[in-house]
Amino acid sequence: MDSWKFSCFLLYLLAAACCVQQCVARQITESNYTGHLSVDVSSGRRIPDTLFGTFFEEINHAGAGGLWAELVSNRGFEAGGQNIPSNIDPWGIIGDESSLTVSTDRSSCFDRNKIALRVEVLCENEGSNSCPAGGVGVYNPGFWGMNIEQGKTYKVVLYLRSSGPVDISVSFTGSNGSTLASANIITSDVSNWTKAEVLLEAKSGDPKARLQLTTAKKGVIWFDQVSAMPLDTYKGHGFRNELFQMVAELKPRFLRFPGGCFVEGEFLRNAFRWKETVGPWEERPGHFGDVWFYWTDDGLGHFEFLQLAEDLGTAPVWVFNNVDMPRAVTSIFLPSGINITGISHRDEVDTTMIAPFVQEALDGIEFARGDRNSTWGSVRAAMGHPEPFDLKYVAVGNEDCGKKNYRGNYLKFYDAIKKAYPDIKIISNCDGSSKPLDHPADYYDFHVYTSANNLFSMNNKFDRTSRSGPKAFVSEYAVTGNDAGTGSLLAALGEASFLIGLERNSDIVEMASYAPLFVNTNDRRWNPDAIVFDSAHQYGTPSYWMQTFFAESSGAIYHNATFQTSSSSIVASAISWKNSDDKEYLRIKIVNIGSSDAKIKISVSGLLIKSSGSTKTTLTSSNVMDENSFTNPKKVAPVQVALDNASKDMDISVPPHSITLLDLLKGSSILRKKDRRSPHSHSHSHSHSHSHSHSHSHSHSHSSSRSSA
């Protein structure tokens, strides 16, 4: 064909396409519809079982003072450092200088945490030098108050020694000084370090209670490793029930842990070292997390994270230190409003010296997967889990790609792990969504923190990503900055659109998780977060509730959905899923980030919809910047209603600034489940009468420069 004829032919096709687009837009406008969603249920593609999971990082006191139910802060008196005398904060003294002196020394019986508390009581039970009523001693306020609940029982464990007999009162006291529960430790011989346990049943409650150790007996007493835990943690495994249940309700298919920059530390000496976090809790030295600026006793350690994944029924994803320095933290916003700038992570180990660190990673895998008779598998078995954990995913570092030694170190880890455990999937920090990786990997990590409009428009981020090579793991995503506040509806809308795009591209994107998961409201190191809590209360942000709309997506069937609309503010998708009663549903999700109502025409082919048994769930609010709070925890929360007269052809009204979910109970169908891996099977078209108004943000897009999570 001559070149001019071919050019004319192309112009003809372009003109025809424009006519079709204008015709569709005119039909939508003339019928007062905002859009027409056509769903073909006769075929579909299975979404990976692992698509949506959760990511836990020790940030914002997520674990210490949060999910991990230990009530005592700085239980081993190690937080002040190994030099003596040392600070014992947040412990405080009951009494004055005339009645006691309190100091630290290095006399503990535990080799890895030598600091102990020395209390010399100067007053006596009676006489001219009698102690004040109630005795003297020390107290611990926990993490901004201990939530002691009436009727519940708490186990207090402590180690002590003294040259003489002791009579110690162990009690919880309320913020008004009242005694909530108490017991006494009376013994005549504790000349050697002795473990003591008491059970305290609370006769009344107070969310701002504290633990007290007091006596009116003159002498010197040493204390160490003081712990207080409620008996009703999840399965007795140490997890705070209410927070555990909130995570479980998301139905996560994987758990990424323990970070984030918490894994690496500002300095390598303060990094999370898994071997220091296993074995008896009394023997764990703890460490100062110098990225997020607080001490952890590491009761929530490598074993507990693996146990958490198992309790959630999800796949553990262990992130370990690549021993390379992550990118600089250019902006961290602290609760006080102080802005710390120009802080870089300092340490970097040369590839020629990486071998001991590679062995450390192999040992960590053996701890999880090894036979109970293996070196590290035996440590796990001694902790009460003789059977291996199901660890199949590891990530080498966190946000380290581009650093001097990352690739060299990564390859050492990769080769050693694949040789010892060929089935383990290895995740690289380098982004492969825009160009191929230059090193082997099973997954590449992709992080994005940006504005609501940017993330909304990133619905098509992976549409043109190559389908060959490693799969994508979007291990951190969130709307941040002014759009997010401390957890806004607007943030949830942008995130929901992004996740719909991940569903559509789940042939290449196999895993995704929001970040961060938790924040203790007393220590906000990062905004926003999915779950907010204090000692006694908790609530989900709109982003938390948004994730519940995707709880059934993993392992579901993704259907071709053609969405014709003149609006750039609406996206939609359709999946099929089955509930625990074996009822099958077609789930349609529609996200409207715009400020106007939308009338959507829905047409379903290849399926009959039952007239009853369907529901409509909506997440919206009167103001797009609305947030939840302790006083109004469900101001922005899903509202479900019965969807009467549901059918395969129907009209749906979608509110402005909303996520709408339709669960349509299936009748008979001719569903054929086909595994379509090609991006060309994604028939999710948008027919716009004008160009898309949102700009596109690309790989590793951080509007606020978070170094973690």
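These notebook entries record what I looked up in the structure.

**Basis.** I note that this is a predicted model, in which local features need pLDDT of at least 70, side-chain atom pairs count only at pLDDT 80 or more, and totals for chains, interfaces and linings use all residues. Residues are numbered from 1 along each chain as its sequence is written, and side-chain values use heavy atoms, with hydrogens and water left out.

**Confidence.** I looked up pLDDT, the predictor's confidence in each residue, from 0 to 100. The protein chain averages 88, and 86% of the residues score at least 70. Over residues 324-344 pLDDT stays under 50; it also stays under 50 over residues 670-709. Where pLDDT is low, the predicted coordinates should not be read in detail.

**Helix pair.** I then examined α3 (residues 302-312) and α4 (residues 355-369), which pack at an angle of about 50 degrees with their axes 11 Å apart. Helices are DSSP runs of H or I with at least four residues, and strands are runs of E with at least two, numbered from the N terminus. In contact (heavy atoms within 4.5 Å), His302, Phe303 and Leu306 of α3 meet Gly364, Phe367 and Ala368 of α4.

**Sheet.** Next I traced an open sheet of five strands, in the order β4-β5-β13-β8-β11, with antiparallel pairing. Two strands pair if DSSP finds at least two bridges between them. The edge strands, each pairing on one side only, are β4 (100-105) and β11 (194-201). I found six bridges in the antiparallel pairing of β4 with β5 (residues 116-121). Aspartate 105 stands opposite alanine 116 in β5.

Methods: Axes fitted to C-alpha atoms, helices over the stretch in contact; angles between N-to-C directions.
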